Amino acid sequence: MSAERPTLPPALLHTEAELARDALAAPLLARAARLARWAGPDTRVGAGGELADAQLPAAAEHLGLTPDEDGAAEASEAWRLAVDTGLVEVEDPSPEEDGPQNGPDEDDEEAAGEDAHGTVTAGENLALLTGGSPADVLAIWLDGLEAAHADATAPLFDDFADLVGEDGSIDFDALDWDPETEAEFLDGVLGNLYLLTVGEGADGSPVPLPALAASMIVPDDMGEPTDDILEQVSDAMMRLDDQFRVLEPIGIVEYHPVDEALLVEEGEETASPADDEDVTRYGMVRLTPLGIYGIRARMLEAGVEAPAIGDLADKGADTLLGGVAYYPEAAARAEIQLWLTRRGSDGAAAELLDAARGEDPLAPLRRLHCQQALALVGAEAEPAVRAVLGDPELGGLARVWLAERGAADVPAPSEAMIFWLAIDTIAAQLEADGDLDELQDLVEGLSGQHSGFFEEAWRVDHPATADVLEAMGRLHSDKKQAKDARKAAFKARSRGGSAD
């Protein structure tokens, strides 16, 4: 029933139906679908499946784009996505059918190459966009996200001619481009953006591009960034500006790009934003609900633990209480509520209480979340709660729950149970790494309720007694009380009251 601290906080995902609607509305996928329906037997494509230049003006016009270079580029991008996501199928031109058969000369070969074109048919996935399930739509969209990610990390050709050798080959080494490094950097940025979006206290506000770039460049222990570091941040900002412009049409981000007026002609670099300047001019990015889904899917594919609220809804109570052990309070409550909705109230309280037992390090946290879960069950939990009033581990919890509900006939706890519950409560908060000020208030409040608290607390038969008393010695603001707590911790260890 133990749990490891998750790498990322749990994400609250929209429903598959909502996400599928967002995916269909993503500009790039919507355009790809329109072109797939527009294409027919006469559509001309190159050997790589790309739309022939002669077809681009008509494709752009069909999409409602301007029939100029920009419109042609957007149409070409949408067509590539249609191919990459299986909305269209392209059969390469057949040499037997399109090429000359008997000793062609160079002119014949050039003419044949110009005339050759593949056959275009509707792909199987095109019908799934309208007739498939939300899961089908999202699977297609995820393929589109992979394609957009690849485009975003592709090298930028400032002067393609400089890369072509005398023999016509392309010198990719001259690009100074490492595809794995580029992909890892962008994934790191998207991971940080994901954390800022789903983390505790996140309000969905856009994140400044300089902050994202700095999160990947500036070392955590660095005070004032050096000029070299600032230059690296500036370079990363401009690269991210290009990448987010590519990613926005697939629907994972809302992006306010860098103000072009900030670009310096020489080297096209931008300075780091000063405190008195409008940071929005340097780019602002927000991860959309579809983006949360997509980035999480990519992380899961890469083996990263990225939980989502609802993952535990069909699990047992032991898995539930262990799984939410380190969740933020609001996320734990949402997960428990979903579990109760799926499980039903009948027998839920007894199952939760049974899962809360134990002497392992996570047991106090399980009991804490069990108490929160019982509050959500409501009055129907009372019979199961009364059944554990005599349990040495659960009796104190049961009395607190009944008292909070104003129940009658609640037996008074013994002094041993009071002290045991105090140790258990602090142990849970210590394991959860909660707010330090709140923990200090808890420590001082519990010890202040009982005169001579530390004279008795070291005797408590709880696995965490010594550890809790040591922590109380560190946290208590009263020097005498802190000293008493440390002495009590020593006594507890001497009697073997805590496992090292």
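Me: Is Lys491 buried, exposed or partly exposed?

Reply: First, the ground rules. This is a predicted model, where local features need pLDDT of at least 70, side-chain atom pairs count only at pLDDT 80 or more, and totals for chains, interfaces and linings use all residues. Residues are numbered from 1 along each chain as its sequence is written, and side-chain values use heavy atoms, with hydrogens and water left out. Now the scale: buried means under 20% relative accessible area, exposed over 50%, partly exposed in between (1.4 Å probe, protein chains only). Lys491 is partly exposed, because its relative accessible area is 43%.

Me: Where does Lys491 sit?

Reply: Helices are DSSP runs of H or I with at least four residues, numbered from the N terminus. Lys491 belongs to helix H23, residues 479-494. Its C-alpha is 8.2 Å from that of Ala466, at a sequence separation of 25 residues.

Me: Which residues form the positive surface patch?

Reply: A patch takes residues with over 30% relative accessible area and no salt bridge, and joins like charges within 9 Å. Areas come from the Shrake-Rupley method with a 1.4 Å probe, and only the protein chains shown count as cover. A salt bridge is a side-chain nitrogen of Lys or Arg within 4 Å of a carboxyl oxygen of Asp or Glu. Lys and Arg count as positive, Asp and Glu as negative; His and chain ends are not counted. Each charge is placed at NZ of Lys, CZ of Arg, CG of Asp or CD of Glu. Here, Lys483, Arg486, Lys487 and Lys491 make up the positive patch.

Me: Which residues gather in the patch of negative charge?

Reply: Glu200, Glu329, Asp435, Asp437, Glu438 and Asp441 do. Helix H20 (residues 436-448) gives the largest share, 3 residues. Asp441 lies in H20 and is exposed, because its relative accessibility is 52%.

Me: Why is H18 called largely enclosed?

Reply: Count its buried residues. In H18, 7 of the 10 residues are buried, so the rest of the structure largely encloses it. They are Gly395, Gly396, Leu397, Ala398, Arg399, Trp401 and Leu402. Contact means heavy atoms within 4.5 Å. The buried residues pack against helices H15 (348-355), H16 (363-377), H17 (382-386) and H19.

Terms used:
Patch = residues over 30% accessible without salt bridge, like charges linked within 9 Å, V, L, I, M, F, W, Y side chains within 5 Å. Helix = DSSP H or I, 4+ residues; strand = E, 2+ residues; numbered from the N terminus.
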